[in-house]
Amino acid sequence: FPEWVEAIVFDLDGTLVETELLKARSYAKVAQELHECVPEDRLRLLQSDSDCQKTIRDVQSEREEILHPIVAPATISEGQKCADRAMKVFLTNLGATSEYIARKLVDELEIEPLLRPAMERFGEEEPWKALYKLRKEMYYDTFATEKNLYESRYPEALKIVEYARQSGIPLAVATSSSTGDAERVLEALRIRSDFKFVVGRDQVRRLIVQCFSIIGSQACGPDVI
């Protein structure tokens, strides 16, 4: 690294690890279960550990296949249709907030009536919140296993992390995921100890307030803050 590099901040999803397909599959499975139609062969495909062993090119190819299928199945159940649409909605809105994606899924899949039991169970008044909680349960219970997360890593990116650590460069992760989720992924990737700081979305407001407090106290004096 050049001498002027004093620290490196990494993103997490899509940089060190590919978790987006795991999240997309968790939404797809929830969609299928909401329609009470979960073909065993399709579930095995969605849950396949080996399917998580992707290169960047594999991931891009799979996204294209999902978004632009060449041949449609001759016969497909309502549950499968809903699952496929859920995958499309998620993958065409990568980078959007969890709320935006969940709201869009509720609207486009027209599943608000199917979410009423979950809304009651979670004590939520808004369908998207119930869907998001169902997806998180599915994600952690079925897809985001330590094995799947580790096999979804980007090896070349982790080599950079290792080289930077050996060079004595302080490292941090800044992510739109929650800090707890990020910590969990880094532990699964076996690199948590390489990072001095892990900053998730839940810390952003607190850090902004702290920064403004520091800037304000330096510019105006402590009596103004």
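Which residue just after α9 takes a positive phi? In this predicted model, the residue is Gly-168, whose phi is about 80 degrees.

Helix α9 itself runs over residues 155-166 and comprises twelve residues. From the first C-alpha to the last, α9 reaches 16 Å, close to the 16 Å expected at 1.5 Å a residue. Four of its residues, Ala-157, Leu-158, Val-161 and Ala-164, are buried. These four lie on the same side of α9 because they cover an arc of only 120 degrees around the axis. What do the buried residues of α9 pack against? Their partners are two strands, β1 (8-10) and β2 (171-174). The face turned away from this buried side presents a contrasting set, with Glu-156, Lys-159 and Gln-166 exposed.

Is Glu-124 buried or exposed? With a relative accessible area of 18%, Glu-124 counts as buried, because the cut-off for that class is under 20%. The surroundings of Glu-124 can be described residue by residue: leaving aside residues up to four places away in sequence, Glu-124 touches Met-119, Lys-129, Ala-130 and Lys-133. With one of these, Lys-133, there is also a polar contact between side chains, at 2.6 Å.

Methods
Residues are numbered from 1 along each chain as its sequence is written. This is a predicted model: local features need pLDDT of at least 70, side-chain atom pairs count only at pLDDT 80 or more; totals for chains, interfaces and linings use all residues. Side-chain values use heavy atoms; hydrogens and water are left out. The expected span of a helix is 1.5 Å times one less than its number of residues. Buried means under 20% relative accessible area, exposed over 50%, partly exposed in between (1.4 Å probe, protein chains only). The arc is that of the directions from the helix axis to the C-beta atoms. Contact means heavy atoms within 4.5 Å. A polar contact is a pair of N or O atoms within 3.5 Å; within protein, one must be able to donate a hydrogen and the other to accept it, and residues adjacent in sequence count only if both atoms are side-chain atoms.
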